[in-house]
Amino acid sequence: MMDFLCQSLHYKNNFLTNFERKLLSSSSSAASLSGFLPDSIHVNKKEYRPSIRAVMAPPQPQRPPSTTGLVKQAMTMTEKILARASERSNLDTGENVWVNVDILMTHDVCGPGTIGIFKREFGENAKVWDREKIVIIPDHYIFTNDELANRNVDILRDFSVEQNIKYFYDINDRSNFRANPDYKGVCHIALAQEGHCRPGEVLLGTDSHTCNAGAFGQFATGIGNTDAGFVMGTGKVLLKVPPTLRFVMDGEMPDYLLAKDLILQIIGEITVAGATYKSMEFTGSTVESLSMEERMTLCNMVIEAGGKNGVVPADQTTFNYLEGKTSAKFEPVYSDEKAKFLHEYKFDTSKLEPVVAKPHSPDNRALARECKDVKIDRVYIGSCTGGKTEDFLAAAKIFLASGKKVKVPTFLVPATQKVWMDLYGLPVPGSGGKTCSQIFEEAGCDTPASPNCGACLGGPRDTYARMNEAKVCVSTTNRNFPGRMGNKEAQIYLASPFTAAASALTGYVTDPREFLR
Amino acid sequence: MASKALQPPPCAFSFSFAPTHRLAPPSARLPLLRYSWPSSSLSRRCNHSPTLTLHATSSSSSSTLEGGEAVEKVFHGECFVLDDNIDTDQIIPAEYLTLVPSNPEEYAKLGSLALVGLPSRYPSFVAPGQPLSRYAIIIAGANFGCGSSREHAPVALGASGVKAVVAESYARIFFRNSVATGEIYPLESAEGRLCKECRTGDLVTVEMEKERGRLTNHTTGKEHKLKPIGDAGPVIEAGGIFAYARKTGMIVAATM
């Protein structure tokens with residue numbers, strides 16, 4: 001017992017008796033202990049917990065825990081995150097554990113239902129567990145005249161005021177999104193841009209693409225209203241520890257390939273149920289070379305394979321991105337070398353080609369060049385999956401290389417206010433100082449629209465770019481099940497921004513190499 | 001803390017229960033609620049005592065069943081058959097997500113719109129203008145409920161009158177939401193592809209016990225094994241995760 005030191009991240013739940021304090025203070029490593037004991041130890045017989053719960057030696061600086069030799073069992077990244085969040089030193093996959101939640105996100109579609117459940121179960125006057133850990137982001141049905149949709153944003157506002165929610169990205173003036181300084185746009189991108197995504201943490205959201213945040217090396221997954229209502233009141237959730245599938249992607253990323261191609265490749269490989277109840281870990285030199293936005297695209301579509309969560313190990317790219325966005329302390333974790341993975345898939349990225357997902361399933365993979373005879377009616381570039389700044393820069397690159405005009409209506413919906421501003425402010429490399437918006441205008445695309453989820457999921461009938469007829473669309477979004485963007489008979493080809501832009505220029509599904517060689 | 005009484009079955013029994021254990025996460029020993037429902041005229045197997053007594057017994061191996069005290073549910077009605085990968089957009093299209101499930105009027109509206117997103121090759125699940133579906137049981141292929149995390153999906157099905165879904169497999173968020181809301185029983189078939197064996201409109205009976213399940217298709221005359229609902233059963237039975245947590249004392253511990 002003396003050799004084990006008490007290490008706990010949530011001190012208020014740990015109480016030591018006088019006897020135990022004496023034991024610990026008399027050990028030879030008392031000096032290093034003092035750094036780990038809380039400043040005030042409450043000796044409270046009522047809440048005494050007889051077992052000292054830690055079997056890890058304190059981590060030495062610059063020596064990851066896996067090398068100390070005192071870790072009982074090798075764990076994957078996801079297991080480590082959940083272990084820490086549930087105050088356990090070890091976990092087995094398949095175990096159900098109560099986990100402390102760091103961030104709960106909700107939006108205008110599921111927020112009202114979640115709030116309803118919260119009030120019903122905890123009481124009309126109940127207070128949320130932590131007003132700083134709930135992030136409320138209206139983003140789905142914003143620029144619409146649908147009365148219920150507008151009412152739902154009002155419900156979010158009333159609740160945020162009542163609970164004094166710190167992070168509520170409100171919108172009041174729907175006719176001009178720029179008149180709303182707080183409004184952000186698509187929740188998953190807003191979470192990242194506002195510094196709410198941090199390595200090692202647990203982030204839950206009432207949206208399936210919450211897995212997007214796994215790009216930051218955290219556990220992030222989507223939950224329903226009832227689970228979210230529970231978290232709102234307690235700050236905890238019961239989760240089953242998932243086993244991990246590992247995807248090792250090595251090789252230099254060809255200049256005609258984007259992260260969207262990688263994830264479509266993977267989903268095509270393992271099918272839409274291939275990762276059900278599992279975690280997807282993305283590693284390898286290719287992944288390390290990806291920017292944060294590209295990593296987000298990768299993790300965003302984990303749910304399309306049925307995955308519970310996706311993770312990318314945090315590194316300097318992550319830390320650079322986070323600088324200036326958050327001052328909160330975070331502690332990344334990494335899979336142990338000897339951790340057990342359910343399966344490991346290896347890819348040589350240099351050999352991959354641009355792909356699409358044909359109607360009507362995200363795993364209906366095909367090479368873009370093999371679909372060159374598919375005539376299309378429109379192109380949609382937007383959503384959390386494909387509406388970030390780098391997605392638009394990629395599309396602009398194709399239009400620039402071509403110099404021609406699009407042959408079909410091309411809809412551009414930036415994910416957030418910040419993305420919209422980048423379209424009008426950032427110079428596109430190799431263009432002689434032109435911005436994305438200028439290039440898009442010259443190519444004959446539609447004017448970039450107000451940032452929101454838009455037509456990715458159809459939405460109310462008056463949603464901009466909704467497919468109200470049985471047309472064929474190439475889209476940078478995440479799902480293409482029947483009726484996804486509106487009309488049940490419409491056909492959606494999921495693609496990267498490169499492929500989407502190339503297709504817009506020809507009026508057919510087109511491999512971007514047509515314009516990049 | 002008031003205990004929530006279960007809905008009495010049609011034959012009007014009254015009962016009460018007293019949980020003998022309060023639970024505290026994470027080391028939950030789930031109290032096993034044992035009670036028997038009256039047998040319907042179609043169930044052929046178990047004897048049931050006419051009086052219902054509920055008592056919570058703690059059991060770490062909750063696999064032993066005493067004869068006649070089985071946890072049972074029986075559902076009977078026409079089935080509606082679906083293919084693989086029925087996603088949440090087909091169950092309830094996104095344009096209807098403006099309806100808030102915790103609002104009773106909008107809850108009912110969601111019921112009337114259940115499965116309205118299905119391609120036109122399927123028959124209508126809820127007849128136009130009707131609030132409820134005539135189909136009490138859905139039979140589906142693999143990966144049922146894939147796609148979004150929207151709770152509107154199991155809610156719409158439950159609100160339309162569906163009692164159980166018998167699928168080959170489920171997407172995890174949909175399964176979790178079904179249990180958390182208590183809206184439907186998400187059962188899994190233990191053998192074969194039921195979606196190929198049954199056709200929409202077949203008259204079926206679904207019998208559930210803690211250890212086994214069975215689907216009888218009266219139209220084809222075939223019987224099919226189902227996987228037991230397991231620990232999810234009592235949660236759904238109680239009316240969802242909150243009701244269950246209140247009943248077993250978990251919710252007090254969680255708000256400590």
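Biologist: How much area is buried between chain A and chain B, and what percentage of that area do carbon and sulfur atoms give?

Modeller: Please keep in mind that this is a predicted model. The area buried between chain A and chain B is about 3800 Å², and carbon and sulfur atoms give 56% of it. In terms of residues, 50 of chain A are in contact with 44 of chain B.

Biologist: Which parts of chain A are tied together by the pair Arg369(A) and Glu353(A)?

Modeller: Arg369(A) forms a salt bridge with Glu353(A), and their closest N and O atoms are 2.6 Å apart. Arg369(A) lies in the loop between strands E13 and E14 of chain A, and Glu353(A) in the loop between strands E11 and E12 of chain A, so the pair ties together parts that are 16 residues apart in sequence.

Biologist: Now I would like to turn to helices. At what angle do helix H13 and helix H15 of chain A pack?

Modeller: Two packed helices are described by the angle between their axes and the distance between the axes. Helix H13 (residues 389–402) and helix H15 (residues 436–443) of chain A pack at an angle of about 45°, with their axes 9 Å apart, which makes H13(A) oblique to H15(A). The contact includes Phe392(A) and Phe399(A) from H13(A), together with Ile439(A) and Phe440(A) from H15(A). By class, the residues of this contact divide into 10 nonpolar, no polar and no charged. H13(A) passes H15(A) in a left-handed crossing.

Biologist: What is the handedness of the crossing in which H3(B) passes H4(B)?

Modeller: H3(B) passes H4(B) in a right-handed crossing. The axes of helix H3 (residues 152–159) and helix H4 (residues 172–181) of chain B come within 8 Å and cross at roughly 55°, and the two helices are therefore oblique to each other. Among the residues that make the contact are Val155(B) and Leu157(B) of H3(B), and Phe174(B) and Asn177(B) of H4(B). The contact of H3(B) with H4(B) has 5 nonpolar, 3 polar and no charged residues.

How values were computed: Residues are numbered from 1 along each chain as its sequence is written. Chains are lettered from A and ligands numbered from 1 in the order in which they are written. This is a predicted model: local features need pLDDT of at least 70, side-chain atom pairs count only at pLDDT 80 or more; totals for chains, interfaces and linings use all residues. Side-chain values use heavy atoms; hydrogens and water are left out. Axes are lines fitted to C-alpha atoms, for helices over the stretch in contact, and angles run from 0 to 180 degrees between N-to-C directions. Helices (H or I, at least four residues) and strands (E, at least two) are DSSP runs, numbered from the N terminus. Angles under 35 degrees count as roughly parallel, over 145 as roughly antiparallel, 65 to 115 as roughly perpendicular and the rest as oblique. A crossing is left-handed if the near helix is turned anticlockwise from the far one by less than a right angle, and right-handed if clockwise. Contact means heavy atoms within 4.5 Å. Ala, Val, Leu, Ile, Met, Phe, Trp, Tyr, Cys and Pro count as nonpolar, Asp, Glu, Lys and Arg as charged, and the others, Gly among them, as polar. Buried area is the accessible area (1.4 Å probe) that two parts lose on being put together, summed over both. A salt bridge is a side-chain nitrogen of Lys or Arg within 4 Å of a carboxyl oxygen of Asp or Glu.
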